[in-house]
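Subject: Structure for you to look at

Hi,

Here is the structure I promised to pass on. Please open it alongside this note, and then read on for what turned up.

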Amino acid sequence: GLQRNEQPPTPNLRDQINEKLRARSAEYLEEGELNVRICTWNVANQAPPSNIRELNEWLLDGDDVADVVAVGLQEVEFGGAALMLEVTDASVSWMEAITDCLNRAHPGVRYKKIDTAQLVGLVLVLVVRTELLEQVKHVKKSVTRSGAISGVMGNKGAIGLHASIQGKRFLFISAHFHAHDGNTKLRNSNYHDAMAQ
């Protein structure tokens with residue numbers, strides 16, 4: 001118990017502010033759901049399909065309308081330019097095809113690309129419905145290289161996009177490591193290299 005003349009401990013300023021914010025949260029927070037769709041595809045150095053049905057089947061879920069779409073693509077490009085450039089023509093073609101597909105899917109629903117990250121043939125694209133644009137904040141990207149010259153010019157690795165959407169924090173990560181059963185040690189090494197950066 002408390003001794004005579006001893007004051008009870010006062011909460012720190014941070015706790016006081018958080019308590020006041022929680023008490024008034026209904027004034028500035030709106031409850032709701034975000035429909036988030038995450039897709040991945042190893043495109044094997046192919047251009048986007050000319051048949052829109054192929055993209056629709058992969059990217060869409062019937063009549064369900066996504067608010068946020070994160071797409072990870074692997075092996076978009078193998079050329080030397082992909083080792084040197086942040087964004088390549090092949091990745092731009094895929095980004096445009098994805099956005100066009102989403103924008104044609106549902107009448108009156110429009111999407112806009114927020115950001116993209118590319119590491120050689122690995123691409124990560126983040127797209128949101130246009131009504132949410134003002135609620136997207138703090139977009140950051142990260143690229144970690146592994147493989148060839150780890151940390152410098154890796155042909156394998158991971159890329160991430162972080163964003164705050166409607167006050168919720170999201171981190172989307174796409175990775176491309178060595179494939180096949182015989183490459184388990186290399187794949188684990190790719191993973192550890194990426195996590196260490």
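Below are the conventions, then the sheet, the cores and one histidine.

This is a predicted model, in which local features need pLDDT of at least 70 and side-chain atom pairs count only at pLDDT 80 or more, while totals for chains, interfaces and linings use all residues. Numbering starts from 1 along each chain as its sequence is written, and side-chain values use heavy atoms, with hydrogens and water left out.

Let's start with the sheet. Helices (H or I, at least four residues) and strands (E, at least two) are DSSP runs, numbered from the N terminus. Four strands form an open sheet in the order β1-β2-β4-β3, with mixed pairing; two strands pair if DSSP finds at least two bridges between them. The edges are β1 (36–42) and β3 (111–119), and each has a single partner strand, so one side of each has no neighbour in the sheet. On average, neighbouring strands are turned by 15 degrees against each other, direction ignored; axes are lines fitted to C-alpha atoms, for helices over the stretch in contact, and angles run from 0 to 180 degrees between N-to-C directions. The pairing of β3 with β4 is antiparallel and spans 8 bridges, and leucine 119 has leucine 122 in β4 as its bridge partner.

Two helices meet this sheet. α2 packs on it, touching β1 and β2, with its direction at about 125 degrees to that of β1. α4 lies across β1, β2, β3 and β4 and runs at about 155 degrees to β3.

Now the cores. A nonpolar core is a set of buried Ala, Val, Leu, Ile, Met, Phe, Trp, Tyr and Cys residues joined through side-chain atoms within 4.5 Å, where buried means under 20% relative accessible area (1.4 Å probe, protein chains only). The largest one has 22 residues, and those with the most contacts inside it include Trp58 and Leu102. Two or more residues each come from α2 (52–59), β2 (68–74), α4 (89–105) and β4 (122–129), and α4 gives the largest share, 6 residues. Apart from this core lies another of 18 residues, among them Val68 and Ile159.

Finally, which strand holds histidine 176? Histidine 176 lies in β7 (residues 168–176), and it is buried, at 14% relative accessible area. Its side chain makes a polar contact (N or O atoms within 3.5 Å, one able to donate a hydrogen and the other to accept it; residues adjacent in sequence count only if both atoms are side-chain atoms) with the side chain of glutamate 75, at 3.5 Å.

Best wishes

Definitions and conventions: Buried < 20%, exposed > 50% of the residue type's maximum accessible area, 1.4 Å probe, protein only. Contact = heavy atoms within 4.5 Å.
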